[in-house]
Amino acid sequence: MTFPYKGYTGYYLDVDLTKGKVHKKELEKEWARLYLGGSGVAARILWDRTGPDTNPLGPDNVLVVGTGPLTGVMFSPSGRMMFATKSPLTGVWAESHVGGFLGAEIKYAGFDFVVFNGRSKKPVYLSLRDGSADLLDASHLWGKETNMTTEMIREEHKDPTIKTGVIGPAGENGVLYSSIIVDFYRAAGRAGLGTVLGSKNVKGIAASGAQGLDVHDMDAYLKANDKEMEKLHDPLWTESLASLRKYGTTDLVAIINEIGRLPTKNHWTGFFEKADDIGPEIIAEKYRIAQEACHGCAVGCKYVIRVKDGKYPTGPIGGPEYETIMAFGSNCMNSDIESIFHLGKRCDLLGLDTISCGKSISFAMELFEKGIISSKDADGLDLSWGNSETQAILVEKIAKREGFGELLADGVRKAAEKIGGEAWKYAVHVKGLEASGQDPRAHQSIGLTYATNVRGADHLRSISCVEELGYPEIAASRFGEEKAEAILDIMSPQYKGELIWDMEDLYAIVDSAVICKYGTMWPPMFYYDSFLNVIPPLTGMTDWGDMKFVRQAGERISHLRRAYNHRLGITRKDETLPHRLLKEPMPTGPSKGGLPDLDEMLDEYYEYRGCDPETGYPKESKLRELGLDFVAEDLKSRGMTR
Amino acid sequence: MTSFLAIDLNKCTGCRNCELACSAKHTNSFNPRRSRIQILKDEVQNLVVPMVCLQCEVPLCQQACPTGAISYNEKGTLVVDKEICIGCENCVTACVYGGIEIDPQTLKAIKCDLCWGDPACVKACDYSAISLVESNPEGHKARKHGVDLAFDTTKIKTGEVAE
């Protein structure tokens, strides 16, 4: 064992599915030092092994399963892991992060990363245990829903402690936004990671291990960890943490509706009159039976529900997150919470991303309202707003790619192209990814986040809650007193380029560490200094004790992912917003009249990012400054540097 | 006075931070499988069952040990002497609470030693589900409460724990 840094296992698996061979390799030392882990290392692997000619659903695509140095070592919101690939939905960079216990278990089984390539002739799953890895037959699991798959794998190994990440029928059937479900009800949902696994005939990954993780300096690390954990008791965060613990992310339904940012009626507006019916209070009172937490997490935002009777009774399941309630609820004008529980549950079992699925259905509902499609086009279904029975039928049809579901299974961009005419106006996406539950017409900086996010219209690469939830102390300490007021003004575009540039680099490290957005995004407890504090004693990487190095690492990861997309043809013209969010002023609610000043924010962002404002391409000097010479050479030869 | 751990199942979220803290303290590494406290989970039934030594008044593990490896330390806590333990697993079979197990690396029995009076798991539990209580009527009650809840949810019946 020559890998010098602790907190890592020092090994990764290169899985050649075509040959059915698993190669155990030593982790590259520089991957850890320069890219930390998770998203950063995945970006390096995907840059090296995929590109413009890679067919996302072909054997040539690569899917990375990633953990980070903070996975499984007690730092509180670190019960996370990630997956990355070239997306079949968007054709560009895709990464999706997920909570639970699988990430830590993969490390205890002896590996930091798994890299799948090729295509298996028959269905398989990868079983990891104590330093060894086997591709096992999954013929009997193929077609099974995600919970049954996990139960069967545990039964097969007579080991109830096995943790899994598996796909459902949707991933097998090639629905372009299929998810990977981890530990029964946690989803790596976005951008079709599950679809890629399905195309490779891989049902999933199962891990169990008793290999411990060594620490460079345990005493110093535990002290550093305690120091970070003390932040949880700062009165500044009491309210946010209490809310997350009591309601989970469902509280956002109420908080976000109040500021007029809750996507409603296919993003037509940001205010849903019946939000209380699908909000935090009713869920907590009537359905919630337990609080749950991911591995080692002190926040504990996950919750379990049960529905005793009615049309959709269910035993204990993970309760829906904000995004699921928004996608199937307000965004489809459905205020029947029990039906939303059901839709979320079915998506988890079938392995569908609830956001893209809900948004594809709301898109169809709007086309129906506008007369662009009729019941006849939709297998006789009544696509009226709020029709939860139609939603439930469509979820099943989409997962099977059956009838009208076939059209919606490719997401709104492709569906709009097929339908033609005015349909594109109602396809709310960026780079082909359906928008998540935010709206730039009520929150300027989310417009910049959506536009620049490497995986498309999604908040998780750089959303700022500093102005959304109002943290004046944080705005002042991070950006200076003189900028704080403008930054806290949610509808001012001023300094939002700097704000989002800063958040994007911070999250690049968060996503490489790999830790959760709860604690970094909401509430914004942890910042760059947290990594400076814990990474050196954990790993022994002294460079990570230097603020300049840490911030540069964030920049490096951000630039590498952007470069990956440039090589696939992405430029400033793609870093934009859908018609509805850019041109149609918010029609109703507290943010009525709002529109984002995207160009102004983009110009500032490119300046901070070190990019050319016309094309969005990076400056060659910036890439070289970050040690990305291999990227500079490649992009330069394609005319993609400035 | 002797003491032991009492766990309030209603507060436990199943995050398993206690396992991490325990393994860090006892093995100088993060390895839940070597933790003296174990959290069993069944997601389908929404079961979370913490398992740790209850410091029984009539310890079945001690009685089952053929080499006399299990004895009380000066604080009145039952501990395993790893030099004497032969890893026969008799104690594991004897304990009805899952409070003693075999370390997957040393292959010797391991159990909670209360960290010599300052349990790492108690500090690591952000939900205040674990507490160190003294062996008095109140402590017994807290311990029994935890065990009853765990056994109710797993549908196992026992009348062994003193109240």
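**Before you select anything**

This is a predicted model, in which local features need pLDDT of at least 70 and side-chain atom pairs count only at pLDDT 80 or more, while totals for chains, interfaces and linings use all residues. Residues are numbered from 1 along each chain as its sequence is written, and chains are lettered from A, with ligands numbered from 1, in the order in which they are written.

**Stop 1: chain A as a whole**

Colour by secondary structure next: chain A has 27 helices and 18 strands. Helices (H or I, at least four residues) and strands (E, at least two) are DSSP runs, numbered from the N terminus.

Of the 642 residues of chain A, 63% count as buried. Here a residue is buried if 20 or more other C-beta atoms lie within 10 Å of its own, exposed if 12 or fewer, and partly exposed in between, with C-beta atoms placed from the backbone.

**Stop 2: the domains of chain A**

Where they touch, 35 residues of domain 1 of chain A are in contact with 25 residues of domain 2 of chain A; contact means that the C-beta atoms, placed from the backbone, lie within 7 Å. On the domain 1 side, H4, helix H5 (169-172) and strand S11 (186-188) of chain A each supply at least two residues. H5(A) has the largest share of that side, with three residues.

**Stop 3**

Select residues 11-16 and 21-26 of chain A, which are S1(A) and S2(A). The two strands pair in the antiparallel sense over six bridges; strands pair if DSSP finds at least two bridges between them.

Is S2(A) buried, or does it lie in the open? Of its six residues, the number buried is zero, so S2(A) lies largely in the open. Between the strands of this hairpin are four residues, and A:Gly20 in the turn has a positive phi of about 70 degrees.

**Stop 3: a three-stranded sheet**

Move on to the open sheet with the order S14-S15-S16 (chain A) and antiparallel pairing. S14 and S16 (314-318) of chain A stand at the edges with a single partner strand each, so one side of each is left without a neighbour in the sheet.

S14(A) pairs with S15(A), residues 302-307, over four bridges, and A:Glu292 has A:Lys302 as its bridge partner. On the other pairing, three bridges join S15(A) to S16(A), where A:Ile305 stands opposite A:Ile317. S15(A) and S16(A) form a hairpin with six residues between them, and A:Gly310 in the turn has a positive phi of about 85 degrees.

**Stop 4: chain B**

Now select chain B, which has five helices and nine strands. With 163 residues, a compact globule would have a radius of gyration near 15 Å; chain B has 15 Å, which agrees. Its C-alpha atoms fill a box of roughly 40 × 35 × 30 Å along the principal axes, and 42% of its residues count as buried.

**Stop 5: where the chains meet**

Show both chains together. The contact takes 28 residues from chain A and 24 residues from chain B. On the chain A side, S14(A) gives the most, with four residues. By class, that side has 17 nonpolar, seven polar and four charged residues; Ala, Val, Leu, Ile, Met, Phe, Trp, Tyr, Cys and Pro count as nonpolar, Asp, Glu, Lys and Arg as charged, and the others, Gly among them, as polar.

To finish, zoom in on S13(A) and S2(B), residues 29-30, which pair in the antiparallel sense over two bridges. There A:Leu213 stands opposite B:Phe30.

How values were computed
Contact = placed C-beta atoms within 7 Å. Rg over C-alpha atoms; globule rule 2.2 N^0.38 Å.
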